[in-house]
Amino acid sequence: MDKTDKNSAAYDIVLQVAMVLVMVFSYLFMHDVPKKLWAKLRLQNRADIQAKRHFVEGAQLLARAQSSKSRALAKEAQAQAQRAISLDPRDAAPYILKALALDLQGLRSAALDSLDESLSPLAAKSLSDSERGDALLKRAELRLGTSQRGRVDSALADLEESVKLSPGNAKAFFALGECYERKKMNDDALKAYQQALELEPQLPAAQQALNRLDSSPKNN
């Protein structure tokens, strides 16, 4: 094949590709696909903005509820969180907000369910490592406060993951120490309490726990 034939073949290929592209774009415009896609994107952006607005309002209500111990405000915060969830179910933050509002109302089982949703594969992607660590800590605290069987083991698993994701969280290490202590794993409990104190020297509960373990018969 000489140079002229090669150029002719290349031109034919380019022409065919161009024709296919023209047909594709003609089909898209005939069926209003770009317009529909743009409308869908605008609708999604609008939903995201509305979801964030509901979340912010809910967070403000929760802060007021926590300072005043008002269940009525906590219920309003829960409602705002639910509205945000309905608009953007892939965002973990409203689930966590809802869980905190439910916990303030004394509805721990429902709060646990909401935290489970926040840590599900669908929503957890929206959380940073430290945020996921905080959510795991809160779930562990709720589990320890319920009467569910196996709550210590499940809380322990959450806390071990929490301190890996958020190694600077003294409260997570303290809660981990409490779990180890409940399971009679005193050596591990001591290490967790010591780490909590290293991170937050003014944490009296951790110091008291260390003193208690140091004075126990098994550690003397």
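Predicted model: local features only at pLDDT ≥ 70, side-chain atom pairs only at ≥ 80, totals over all residues.

1. Helices here are DSSP runs of at least four residues, numbered from the N terminus. In helix H2 (residues 33-68), Arg53 and Glu57 are four residues apart, and therefore about one helical turn separates them. The two residues form a salt bridge whose closest N and O atoms are 3.4 Å apart. Arg53 is partly exposed at 42% relative accessibility, and Glu57 is partly exposed with a relative accessible area of 30%.

2. Nine salt bridges are found in a search of the whole structure. One of them is formed by Asp103 and Lys138, with 2.9 Å between the closest N and O atoms. Asp103 belongs to helix H4 (residues 92-104) and Lys138 to helix H7 (residues 129-144), so this pair ties together parts 35 residues apart in sequence. Asp103 and Lys138 are both buried.

3. A further salt bridge joins Arg212 to Glu181, the closest N and O atoms being 2.8 Å apart. Because Arg212 lies in helix H11 (residues 204-214) and Glu181 in helix H9, the pair ties together parts that are 31 residues apart in sequence. Arg212 is partly exposed, its relative accessible area being 42%.

4. Phe174 lies in helix H9 (residues 170-182) and Tyr193 in helix H10 (residues 186-199), so the pair ties together parts 19 residues apart in sequence. Phe174 is buried, with a relative accessible area of 17%; Tyr193 is buried, with a value of 0%.

Definitions and conventions
Residues numbered from 1 in each chain as written. Heavy atoms only, no water. Helix = DSSP H or I, 4+ residues; strand = E, 2+ residues; numbered from the N terminus. Buried < 20%, exposed > 50% of the residue type's maximum accessible area, 1.4 Å probe, protein only. Salt bridge = Lys/Arg side-chain N within 4 Å of Asp/Glu carboxyl O.
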